[in-house]
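Let's take a walk through a protein model, one region at a time. Keep the 3D view open while you read.

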Amino acid sequence: MSKRMNIAVIGAGDMGNTHVGAWQNAGHRVVSVTDISEELAKKTKEKYGIPNMYLDYREAAADPEIDIVSICLPLALHAPVTIYAAEQGKHVFCEKPLARSFEEVKAMEAAVNKAGVHFGIGLQRSFANSLKIVKQMAADQVFGHPMLITSTGVAEVRPKRLMHDANGNMGPLMDNCCHYFMMWKHIFQSRPKSIYCIGDVFAKDRPELSHIEKLAIDTAVMSVKYESGDMAEMVITWGMAKGFQLGGRSDRLYGPRGGAEGDFTNITGSITIYEGDQRRELGIEGHRQSLHAEQFQTFAQAIEQGIPAPVGFQDGKEMLTISLAAIESAVTGRIVEYKHPE
Ligand SMILES: NC(=O)c1ccc[n+]([C@@H]2O[C@H](COP(=O)([O-])OP(=O)(O)OC[C@H]3O[C@@H](n4cnc5c(N)ncnc54)[C@H](O)[C@@H]3O)[C@@H](O)[C@H]2O)c1
């Protein structure tokens, strides 16, 4: 167990509550929760027995007792809150995606580096045992080379309308696909080479989104070619009717020698492995704690040991590069070359 850190969780929505529970389960102390909604902050404070609550993140981040500011806010707030917290000398753990643009990332990194604090990003699926298994099998050439992965995400119009706003959370190519890009990175162990994407707005006539000035692409199919020769395809939609019954499909991996099917970042269940003409079910070893708790433990240990966070700016920047390239490709109709962020 690393040093017991004092945490300020900013945002008391879905992820805010997940962060509070996971920091506590990881053995750390959540000292405060902040939300502009007094009702939500109070509810979370009472549910988890948190000593303090604030309506302004500046007050929470300025508390001298705090070691880590844990950000669970809409995307547009990731940069300003990270910068403010770093200026207060706090380590920052920020939910994915990293930011909306590289201008924002530059300012975040400058503030974090100047303060000499640690920065981690919430891509907890990287810690899934199922992913470790598929990654190892890919490295052992069980499937042969090159490989092709297909992933799908199918959802009805999101109840949090901001997720559809091109100036808010920027739709699924930004908000959701980063999890898949990270999974592909783990399995292929290679950098993307080029990205091609076509997309549209299925939900453009939905009255519940009519207040949004510019809707983000909510439905897309994208292909990514990797330097290794591997390929990935993503089919994503957040534009389906309320109560839509047809869900996404499991991840599938194909190679010249075999393949795999399952949710490669799931924490329970099994993955089907195909080798030549053989097929077998591989049970996934359960996790002792949630992936969020595991990522917080690893982040706290990195701070204590003075080593970089295992999932931080570099991964966040790579995922952002792919998301921005996909959006650019969908808008221009061109293949976009991947430029690796340094
Ligand atoms: N890692 C994951 O698997 C995962 C899953 C879901 C969401 N997320 C990410 O977590 C972040 C938050 O998502 P969520 O689902 O919890 O959203 P949410 O809408 O449920 O919660 C956000 C909260 O922030 C509060 N808020 C807004 N502006 C504020 C401000 N200025 N100061 C304080 N509070 C403010 C809102 O009142 C709301 O309660 C997003 O970046 C999202 O992409 C990550």
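Where is proline 146 found? Proline 146 is in the loop between helix H6 (129–139) and S7; helices (H or I, at least four residues) and strands (E, at least two) are DSSP runs, numbered from the N terminus.

Before going on, some housekeeping. This is a predicted model, where local features need pLDDT of at least 70, side-chain atom pairs count only at pLDDT 80 or more, and totals for chains, interfaces and linings use all residues. Residues are numbered from 1 along each chain as its sequence is written, and side-chain values use heavy atoms, with hydrogens and water left out.

**Cis peptide bonds**

Another cis bond joins lysine 96 and proline 97, with omega at about -15°. Proline 97 sits in the loop between strand S5 (91–95) and helix H5 (102–115).

**Strand S10 and its partners**

Now find strand S10 (residues 231–240), where 7 of the 10 residues are buried (buried means under 20% relative accessible area, exposed over 50%, partly exposed in between, with a 1.4 Å probe and protein chains only). S10 runs parallel to strand S7 (residues 148–156), and 8 bridges join them. With strand S9 (residues 219–226), S10 pairs in the antiparallel sense over 7 bridges. Two strands count as paired if DSSP finds at least two bridges between them. Look at methionine 234 in S10: it is the bridge partner of serine 151 and also of methionine 222. S9 and S10 form a hairpin with 4 residues between them, and glycine 229 in the turn has a positive phi of about 95°.

Methionine 170 has a phi near 75°, a positive value in a residue other than glycine. You'll find methionine 170 in the loop between S7 and helix H7 (172–175), and it is buried, with a relative accessible area of 14%. Glutamine 189 is not a glycine either, yet its phi is positive, about 50°. Glutamine 189 lies in the loop between helix H8 (177–188) and strand S8 (192–200). Is glutamine 189 buried or exposed? It is exposed, at 56% relative accessible area.

**The ligand**

There are 19 residues around the ligand, and the closest are Met15, Asp35, Glu95, Gln124 and Lys160; a residue counts as near if one of its heavy atoms lies within 4 Å. Here are some of the polar contacts, meaning pairs of N or O atoms within 3.5 Å.

| Residue | Part of the residue | Distance to a ligand oxygen atom |
|---|---|---|
| Methionine 15 | polar backbone atom | 2.8 Å |
| Histidine 78 | polar side-chain atom | 3.0 Å |
| Lysine 160 | N or O atom in the side chain | 2.7 Å |

Taken alone, the ligand exposes 850 Å², and the protein buries 80% of that (accessible areas come from the Shrake-Rupley method with a 1.4 Å probe).

**Aromatic pairs**

The structure holds 8 aromatic pairs. Rings of Phe, Tyr and Trp (its six-membered ring) pair if their centres lie within 6.5 Å; planes under 30 degrees apart count as stacked, over 60 as edge-to-face and the rest as tilted. Phenylalanine 93 and phenylalanine 299 make an edge-to-face pair, 5.3 Å centre to centre with 70° between the planes. Phenylalanine 93 lies in strand S5 and phenylalanine 299 in helix H9 (residues 291–305), so the pair ties together parts that are 206 residues apart in sequence. Phenylalanine 93 is buried, at 2% relative accessible area.

Methods
A polar contact is a pair of N or O atoms within 3.5 Å; within protein, one must be able to donate a hydrogen and the other to accept it, and residues adjacent in sequence count only if both atoms are side-chain atoms.
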